[in-house]
Amino acid sequence: MMLYMVQTHDIIEPWNGNQVKRDEDLSKFWKEEPFLESAITSLAMTRAALSWELSGPPRTVKNTQIMLNSADFGQGWQHLMMLVNTDLLTSDNGAFIEIIREKATRGRKPESMPVLGLAHLPAIRCFRTGNPMQPVIYIDRDNKEHKLNWYQVITLAENPIPESETGRQLCFVSRVLGFAQMIKDVEQHHREKLSGRFSKAIHVVSGVAQGEIETIKQ
């Protein structure tokens with residue numbers, strides 16, 4: 001598994017390269033690696049199962065609880081959190097939640113309208129703009145662009161990188177691949193020593209003629 005992950009780390013798009021290509025590479029990799037897929041699923045399930053509590057006026061609490069338990073178009077809070085945390089763990093783009101609000105009426109600002117629900121937005125279809133007023137452009141299945149205002153979307157990153165102007169992160173899968181690269185260097189060092197390819201050492205066994213030793217030295 002470690003050697004396979006190392007090979008993937010070598011061919012995956014660099015973090016500062018084509019961002020879409022990198023996230024596509026990461027998405028393809030973790031779904032094909034059973035050990036890593038199991039770890040990600042377990043982490044996402046654990047986070048989705050965390051309990052929560054609301055406080056406030058009874059009527060507001062009741063309505064908000066119904067809204068949260070009906071998140072993601074009725075599939076529920078746990079389902080929403082599973083999708084969000086899977087994106088957080090596997091995408092350097094992070095995770096995205098759409099805030100669905102009532103249509104603005106005359107004389108009221110859109111950001112002041114009540115929230116009707118929350119829905120998951122696939123990270124692979126979201127593009128961070130770096131603009132705090134319109135932080136995300138969402139590409140739907142028909143390849144149409146939708147610019148989302150700050151009150152229409154929640155952007156998440158558990159490990160944001162300071163040099164990223166748009167708020168991209170270094171996700172769990174990326175961090176695992178980086179560690180695997182270090183393991184690869186150690187394993188390569190040991191393999192070279194055990195196989196006799198280590199240029200700074202000569203391994204001699206009994207029964208070798210003096211002429212053969214001279215040939216090896218040369």
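These legends describe close-up views of a predicted model. Local features need pLDDT of at least 70, side-chain atom pairs count only at pLDDT 80 or more, and totals for chains, interfaces and linings use all residues. Residues are numbered from 1 along each chain as its sequence is written, and side-chain values use heavy atoms, with hydrogens and water left out.

**View 1. Helix α3 packs against helix α6.** Helix α3 covers residues 34–48, and helix α6 covers residues 77–90. Helices (H or I, at least four residues) and strands (E, at least two) are DSSP runs, numbered from the N terminus. The angle between α3 and α6 is about 135°, and their axes are 8 Å apart. That makes α3 oblique to α6. Angles under 35 degrees count as roughly parallel, over 145 as roughly antiparallel, 65 to 115 as roughly perpendicular and the rest as oblique. Axes are lines fitted to C-alpha atoms, for helices over the stretch in contact, and angles run from 0 to 180 degrees between N-to-C directions.

View 2. Contact means heavy atoms within 4.5 Å. The residues of this contact divide into 9 nonpolar, 4 polar and 1 charged. Here Ala, Val, Leu, Ile, Met, Phe, Trp, Tyr, Cys and Pro count as nonpolar, Asp, Glu, Lys and Arg as charged, and the others, Gly among them, as polar.

**View 3. Three strands form an open sheet.** The order is β2-β1-β6, with antiparallel pairing. Two strands pair if DSSP finds at least two bridges between them. β2 (115–121) and β6 (153–156) stand at the edges with a single partner strand each, so one side of each lacks a neighbour in the sheet. The twist averages 20° from one strand to the next. Strand β1 (residues 95–101) is joined to β6 by 4 bridges. Ile 97 stands opposite Ile 154 in β6. Helix α6 lies across β1, β2 and β6, at about 40° to β2.

**View 4. Strands β4 and β5 make a hairpin.** β4 (residues 136–139) and β5 (residues 145–148) pair antiparallel over 4 bridges. Ile 139 stands opposite Glu 145. There are 5 residues between the strands, and Asn 143 takes a positive phi near 65°.

**View 5. Asp 92 forms a salt bridge with Arg 22.** A salt bridge is a side-chain nitrogen of Lys or Arg within 4 Å of a carboxyl oxygen of Asp or Glu. In this pair, the closest N and O atoms are 2.5 Å apart. Asp 92 lies in the loop between α6 and β1 and Arg 22 in helix α2 (residues 19–32), so the pair ties together parts 70 residues apart in sequence.
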